[in-house]
Amino acid sequence: MRALRDPSATCPWGGEISHRSGPHGPGAQYDLSMTDALDTRSHVALLPPGAVAPLAQRRHLVTEVPGPRSRALHERRNAAVAAGVGSTLPVYIERAGGGVLVDVDGNALIDLGSGIAVVGVGNANPRVVEAVTEQVARFTHTCFMVTPYEGYVAVCEALNRLTPGGHAKKSALFNSGAEAVENAVKVARHATGRDAVVVFDHAYHGRTNLTMAMTAKAMPYKNGFGPFAGEVYRAPMSYPFREEGAITGEQAAARAIAVIDRQVGAGQVAAVVIEPIQGEGGFVVPEPGFLPAVADWCTVNGIVFVADEIQTGFGRTGVMFACEHEGVVPDLITTAKGIAGGLPLAAVTGRAELMDAVHGGGLGGTYGGNPVACAAALAAIAAMVDDDLPGRAKDLGELMLARLRSLAVDHPQIGDVRGRGAMVAFELVHPGGTEPDAAEAARISAACHRAGVVTLTCGTFGNVLRLLPPLVIDEALLTEALDVLADAVAGR
Ligand code: PLZ
């Protein structure tokens, strides 16, 4: 296991204590209310007002989960928050750091979700906290379209440099993943003068009107929300576990291309949009050869190949971007989630001639590339590079896959174990076949939650349990979470 840079010197996730931001001594206020979950060995006595101590990287339950304070908050929420907004596990979080979430009852939970693949650099990463704190005190907003600032430019430079391909690239910044996907489609349509957009079975691209149309799953994402945007066509994915018989990546690509040709014709297609590893759809890793064959066909036919790396990006799969596993160079790439350590930011990056095809003023938005989010992104990207978080994702993935594969030997309800880097999942089926068992996935996930491990499910059939730990998680903490998971699978 690769060590994080100098892990012993300071807690790399809880925040180096800032001695610049306020007076010490009498009058300083220390928040010790969460002492149970805090690492009281370090720093607490030196804390200036407003600073918080590093979080001990351990699981620690003091009430049932959710506890009484969370339950009380949940009642308030039910009275105030629209019912359509769900929560996987209604424990209300008060603090978080590294791989630990601390709730209002003082329970410290192990985080295997990273806020849906967002806090790869660790929750409240100290470098992100410092950069955000400094930026927020300088200025919070001007609107890049009114009076610009350097942070936006620097994030675009970093994205142009880090994304696959040595060609000239440009970027534009937005607020959410769905918005990035919408804008990739705008760019592709403008640049090609064509209308059609091709997506795949099991795809997830967002909850806006166009991206709902692009998303494959009706419940809960689309049901009752139509009519949807037009000119969206769906092709079959390469889903190795669910193929009728053996099919190579190239054959699966030919099957998809035949469907596109039949439905719409290559000459009408502006963009093919695909997640290199599907996220919400079930962590579907296509057969090798599928992505390159689809990308090549796009090139031959003048179609913009868009990689939606919103969930797979920024080191998650063991390389900076998942396309790199197969040497695929997308024309456009959409990013969000892991880009800014938890602040809302998203981007479209791609070939300069495509990105520049749009007329001035054709792309933008009030908050896109907000200066605070840009400061966070620059700090998060520096942490990913300096601490080799892609390398760490690879190591964490090996640990998780090995453990899950050995678990699958004894538990026939685990039909498939798959993933790349720290994007790992297993699929629950009725033993002996491939029939999905969503109830079993829900049972295992709920047992993990009760034991203080935050897990997420996914999949078109709701039967996939996915593991997305922060890339900075302690190896021992991850192992403990996997022990809990093993007990949950076994029904212990
Ligand atoms: N593309 C590949 O994974 C977001 C959505 C959770 P936003 N996935 C989590 C939910 O239930 O809303 C996602 C993604 C891929 C696009 C998106 C959309 O990103 O930032 O949620 O808009």
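What follows is a chat about a predicted model of a protein.

Q: How many helices and strands are in the protein?
A: The predicted model has 13 helices and 15 strands.

Q: And how much of the protein is buried?
A: Of the 492 residues, 52% are buried.

Q: What share of the contacts comes from residues 24 or more positions apart?
A: Taking contacts with a separation of 6 or more, 74% are between residues 24 or more positions apart.

Q: Let's take a helix pair. At what angle do helix 11 and helix 13 pack?
A: About 20 degrees, and their axes are 11 Å apart. Helix 11 covers residues 389-410 and helix 13 covers residues 475-490.

Q: Parallel or antiparallel, then?
A: Helix 11 is roughly parallel to helix 13, because angles under 35 degrees count that way.

Q: Is the crossing left-handed or right-handed?
A: The crossing of helix 11 and helix 13 is right-handed.

Q: Which residues meet there?
A: From helix 11, Leu-396, Leu-399, Met-400, Arg-403 and Leu-407. From helix 13, Glu-475, Leu-478, Leu-482, Ala-486 and Val-489.

Q: Why would residues three or four places apart in a helix point the same way?
A: An α-helix has 3.6 residues a turn, so residues with that spacing point the same way.

Q: What follows helix 8?
A: Gly-302 follows helix 8, and its phi is positive, near 65 degrees.

Q: How many bridges join strand 3 to strand 13?
A: Two. Strand 3 is residues 108-111, and strand 3 and strand 13 run parallel.

Q: Which residue is the bridge partner of Ile-110?
A: Val-453 in strand 13 is the partner of Ile-110.

Q: Which residue is joined to Pro-220 by a cis peptide bond?
A: Met-219, with omega about 5 degrees. Pro-220 is in the loop between helix 6 (209-214) and strand 6 (232-235).

Q: What about the bond from Gly-226 to Pro-227, cis or trans?
A: That peptide bond is cis, with omega near 0 degrees. Pro-227 lies in the loop between helix 6 and strand 6.

Q: Where is Glu-231?
A: Glu-231 is in the loop between helix 6 and strand 6. Its phi is positive, near 60 degrees, though the residue is not glycine. With 17 other C-beta atoms within 10 Å, Glu-231 is partly exposed.

Q: And Cys-143, is its phi positive or negative?
A: Cys-143 has a positive phi of about 80 degrees, and Cys-143 is not a glycine. The residue is in the loop between helix 3 (126-138) and helix 4 (150-162).

Q: Why does Cys-143 count as partly exposed?
A: Because Cys-143 has 16 C-beta neighbours inside 10 Å, and a buried residue would need 20 or more, an exposed one 12 or fewer.

Notes:
Residues are numbered from 1 along each chain as its sequence is written. This is a predicted model: local features need pLDDT of at least 70, side-chain atom pairs count only at pLDDT 80 or more; totals for chains, interfaces and linings use all residues. Axes are lines fitted to C-alpha atoms, for helices over the stretch in contact, and angles run from 0 to 180 degrees between N-to-C directions. Helices (H or I, at least four residues) and strands (E, at least two) are DSSP runs, numbered from the N terminus. Angles under 35 degrees count as roughly parallel, over 145 as roughly antiparallel, 65 to 115 as roughly perpendicular and the rest as oblique. A crossing is left-handed if the near helix is turned anticlockwise from the far one by less than a right angle, and right-handed if clockwise. Two residues are in contact if their C-beta atoms, placed from the backbone, lie within 7 Å. Two strands pair if DSSP finds at least two bridges between them.
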